[in-house]
Amino acid sequence: MEIPSKYDSKRVEGHWYDYWMKHDFFSSKPDSREPYTIVIPPPNVTGVLHMGHMLNNTIQDVLIRKARLQGKNACWVPGMDHASIATEAKVVAKLKENGIEKSDLSREEFLKHAWDWTDEYGGVILEQLKKLGCSCDWSRTKFTMDDDMSASVIKVFVDLYNKGLIYRGFRMVNWDPEAQTTLSDEEVNYEERQGLLYYLSYEIEGSDEKVTIATTRPETILGDTAICINPNDERYAHLRGKKAIVPICNRVIPIIEDEYVDIEFGTGCLKVTPAHDENDKNLGEKHNLEVIDIFNADASLNSFGMHYEGKDRFVVRKEIAKELEEKGFLVKTEQHLNKVGTSERTKAVIEPRLSDQWFLKMEDLAKPAIEAVLGNGEVKLFPKKFESTYRHWMENIRDWNISRQLWWGQQIPAYYYGDGKEDFVVAESLEEALKLAQQAVTSSGVERSLTANDLRQDNDVLDTWFSSWLWPISVFGGILEPDNEEVNYYYPTNDLVTGPDILFFWVARMIVAGYEFRNERPYENVYLTGLVRDKQRRKMSKSLGNSPDALKLIEEYGADGVRVGLLLSSAAGNDLMFDEALCQQGKNFANKIWNAFRLVKGWEVADIEQPEAAKIGIEWYTAKFNQTLAEIEDHYSKYRISDALMAMYKLIWDDFCSWFLEIVKPAYQQPIDKKTLTSVIHLFEENLRILHPFMPFLSEEVWQHMNERSPEEALCIANWPKVGTTDSNLIADFDFAAEVISGVRNIRKEKNIPNKDELELLELNAGGVSSKLNAIITKLSNLSSISTVTEAVDGALSFRVKSNEYFIPIADAIDVEEELKKLNEELKYTKGFLQSAQKKLSNERFVNNAPPQVVEMERKKVADAEAKIETLEKSLASLS
């Protein structure tokens, strides 16, 4: 194949992805190999690729590609989540654009629109993931509303209900008035907001007396059913047994006593609105108070709102405050900082609301999941710091509100057969429900023959998380067929890569489900990525306009460049400060490798003897590769993926391209010997193997150009290299030799000595480096010879590497007067620097209070400066 002069990511990426797909390299079936399984955190069916997805899925692809190269049966299951609230909101909005209200449709009609919308817009993100290079087994793509996935959810609901763990209760719940559904406690974010505290006066029935209460929500007075005082509050002892009159609606309400009231807060007098506050509800139940709900589902006021009926709660707040003031009921207002609950999904302010809902008892279910992470370590969190967050959530767990007032999702399998709240049965199908309902009716002594038409299924659907908590099991059919070949082979999965923001929503609940339904963990390791932030540390979001278009980044920098850019500064669990310059760095890395490949492939080969420098260089790079590979493996084992990338980056850019290729490169227009070229290509291919998980497209392109390959020899399914022996002495000697080479090169640069001019190098106190490396020093420094001397050489330029001193006789190559001037200036500067460092160390306060490493650094500065002064003075003496 002809080698293009430039690396063209657009052509390469499409070509090789199609090639991998054509040859089925990503698909997995159970066999005799060790399985390695990852299930994708299913993105919303409404989703499009953003920076968080890019980071998360790049890490997953790195892990899955490495496992594939290691000979494991790598299976990465992709899929999507139906995202009840988000998807239904989008469908409702689209219907509104067409002049259709959801309330005008039957459930079946609405669901048809929802499926049409899903078919049209859903799954876009999965196609976009392919552009990133994600090597998922696309034949396994699952959707949480697939028939088998829904059947799994329903089966689990019935099972938990029959175990007595699911119950129906009339509770105060978190109501999202925009999505018009309940939310679990975990789906509510609390924000501090500045508001007002309104002081309102209520008349006491049958007297001229008034009592003042303080509230942040004056609109809710229309639902007041009592005023409460503390029985120990002498200020209000005279009000015991009396009644008050609610302003505007003139409702007469009792004055009750309860120690719940905080004497110190506000006026020490509390209005009680049982329908709109959890604590008020508890008071209402204790004192048998009337419950008056003043809100419609969309948080507008209902008929109990009187002349405010149909108006939004926040509009009413302003208007009723004005009316209260005009009628003399508003005493005063004060600024008040208040914690306000908002919906994680719609950002709407949550309304506490009394409602019949379905709940799952969590306390006992959580115990094995707590033990798995915090006890026996069966499930490990990376970074470990998230264990404290996990502990806090799991040890303070509350029953999970699993019902949602939506139509898009799995409909709750409860069937009502009578008029009472408790006249229902729970079953996987209508046929089974009919049998159970008939048995219930018969056992109650009622002679009645039921038909399917007598049954009415619960309108609510299940919380989206109630389907996704089964994901690692249900994608392998493990709920419907608990002993099938696939779930037995692939489950438990190995690694989960996700964000810490869903540690409780999803990660913890999957662990709960794993132990409840399979009595084992769902995965072994959880790698928690950080959030992607901009350079100002702001979270990337559409609303802030600080999130780049993921696909445009791929278009500009190539998928490999973006993958490298994202991972260069993405330590596990720490937020990633995204800078587009990192993607440019990734692109530059791709170009560097491509140019190195073109250099190697451009060499002519001849049957000549191998140079000593090339022989030693191959030995050194082999040792360096093995040392770095061991380091990379250690990083992988600790999920330090960015550290693994950085180690590989330095190995290829610095050691391979900058040093090794220079060592083995033949002289201008000269051929390379066959033995060296064979080794160079072998080591280049070893580099490509460790590069592949990070830069799959570039590495496959170079690999396929290296030699003619059959599909069975593609890099995608090649072998991961094994760590060989490492000659640490040779590596240390090379590091020393590299400093010697740099010393010679610096002198050439400073003195404008052309690289083509050979120099002589004299070494004093030989022993700092093995003479074995002299061939490399000679080649890379263009030396005529290297020899040892027993004393300083007059009339020569010098430099020092550790305890060794090197001299380059320069004869007439330089202007001695100019050189003396420069050396004197450098000596003067260095002496000043030494004086400054010594002054710091003579300061007792600095030495006693500074961190030990800082003091040590200053001492090193002194030692280095003293050595440099000695060298400069010798150089001056030799030139004088």
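Predicted model: local features only at pLDDT ≥ 70, side-chain atom pairs only at ≥ 80, totals over all residues.
Two strands count as paired when DSSP finds at least two bridges between them.

**The three-stranded sheet**

- Let's start with an open sheet built from three strands, lined up as β19-β18-β20 with antiparallel pairing.
- At its edges are β19 (424-426) and β20 (456-457), and each of them pairs on one side only.
- Strand β18, covering residues 414-416, is joined to β20 by two bridges, and the two pair in the antiparallel sense.
- If you want a spot to look at, find Y415: its bridge partner in β20 is Q457.
- Helix α11 (residues 430-443) packs on this sheet and touches both β18 and β19. The direction of α11 makes about 130° with that of β19.

**The four-stranded sheet**

- There's also an open sheet of four strands, in the order β6-β5-β14-β16, and here too the pairing is antiparallel.
- The edge strands are β6 (181-183) and β16 (400-401), each pairing on one side only.
- Strand β14 takes in residues 351-360 and runs antiparallel to β16, with two bridges joining them.
- Look for L360 here, which stands opposite W400 in β16.

**Cysteines without partners**

- How many disulfides are there? The count comes to zero, where a disulfide would need two cysteine sulfur atoms within 2.5 Å.
- Take C249: the nearest cysteine sulfur belongs to C269 and is 17 Å away, so C249 is in no disulfide.
- C269 has its closest cysteine sulfur in C228, but at 8.4 Å that is too far for a bond.
- Are these two buried or exposed? C249 has 18% relative accessibility and counts as buried, and C269, at 6%, counts as buried too.

**A closer look at N525**

- You'll find N525 in strand β23, which spans residues 523-528.
- N525 has a relative accessible area of 9%, so it is buried.
- Which side chains does the side chain of N525 meet in polar contacts? One is the side chain of D495, at 2.9 Å, and another is the side chain of Y639, at 2.7 Å.
- Setting aside neighbours within four places in sequence, N525 is in contact with K380, F382, N494, D495, L496 and Y639.

Methods
Residues numbered from 1 in each chain as written. Heavy atoms only, no water. Contact = heavy atoms within 4.5 Å. Axes fitted to C-alpha atoms, helices over the stretch in contact; angles between N-to-C directions. Buried < 20%, exposed > 50% of the residue type's maximum accessible area, 1.4 Å probe, protein only. Polar contact = N/O pair within 3.5 Å; in protein donor to acceptor, adjacent residues only side chain to side chain.
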